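Please read them with the model open.

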Amino acid sequence: RDTLKAVLLLLIFALGAATHVALHASMRERLWIKVGVILGYVVQPSLPLLMTYAVQRTLQTLRTKDIVCGEPLRVLEAGSVDCCLFDKTGTLTADSLEAI
């Protein structure tokens, strides 16, 4: 979710820059190339690398606290969890669970 917010923020700035270039460009034939380059920099090629680094760093931090993560790609989703409930007996049959 945070990555999406960052990309949308970059997209807003890129659209602003592209609009500025479109309005103030002197050579119209190269206008679309300039606008395309500006919009192309919104999603950096290194973004997947940075996301992988963030997951690996988080897993290292969890390991120092003796927490084992079975699915490393779920670490990003786990950051937004407010409450976690467990059924030790396995007797719950309902799909929904209400914390009291």
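1. Overall fold. The protein chain holds four helices and zero strands. Followed along the sequence, the order of elements is α-α-α-α. Please keep in mind that this is a predicted model.

2. Burial and surface. Of the 100 residues in the protein chain, 11% are buried. The chain exposes about 8900 Å², and carbon and sulfur atoms supply 63% of that area.

3. Nonpolar patch. Which residues make the nonpolar surface patch of about 420 Å²? They are Leu4, Leu8, Leu11, Leu15 and Leu39. Helix H1, which spans residues 2–24, gives the most to this patch, with four residues.

4. Leucine 4. One of the patch residues, Leu4, is located in helix H1. Its relative accessible area is 54%. Leucine 4 therefore counts as exposed, because the exposed class begins over 50%.

5. Salt bridge. How many salt bridges does a search of the whole structure find? The search finds one. In a salt bridge, the side chains of arginine 74 and glutamate 71 meet at 3.3 Å, taken from N to O. Side chains of opposite charge can pair when their charged atoms come close.

6. Accessibility of the pair. Are arginine 74 and glutamate 71 buried, partly exposed or exposed? Arginine 74 has 45% relative accessibility and is partly exposed. Glutamate 71, with a relative accessible area of 48%, is partly exposed. These assignments follow because partly exposed covers values between the buried class, under 20%, and the exposed class, over 50%.

7. Aspartate 66. The backbone of this residue deserves a look. Aspartate 66 has a phi near 60 degrees, a positive value in a residue other than glycine. Most residues other than glycine have a negative phi. Where is aspartate 66 found? Aspartate 66 sits in the loop between helix H3 (47–64) and helix H4 (75–78). With a relative accessible area of 71%, aspartate 66 is exposed, because that class takes values over 50%.

Notes:
Residues are numbered from 1 along each chain as its sequence is written. This is a predicted model: local features need pLDDT of at least 70, side-chain atom pairs count only at pLDDT 80 or more; totals for chains, interfaces and linings use all residues. Side-chain values use heavy atoms; hydrogens and water are left out. Patches are made of residues with over 30% relative accessible area and no salt bridge: like charges are joined within 9 Å, nonpolar side chains (Val, Leu, Ile, Met, Phe, Trp, Tyr) within 5 Å. Accessible areas come from the Shrake-Rupley method with a 1.4 Å probe; for residues, only the protein chains shown count as cover. A salt bridge is a side-chain nitrogen of Lys or Arg within 4 Å of a carboxyl oxygen of Asp or Glu. Helices (H or I, at least four residues) and strands (E, at least two) are DSSP runs, numbered from the N terminus. Buried means under 20% relative accessible area, exposed over 50%, partly exposed in between (1.4 Å probe, protein chains only).
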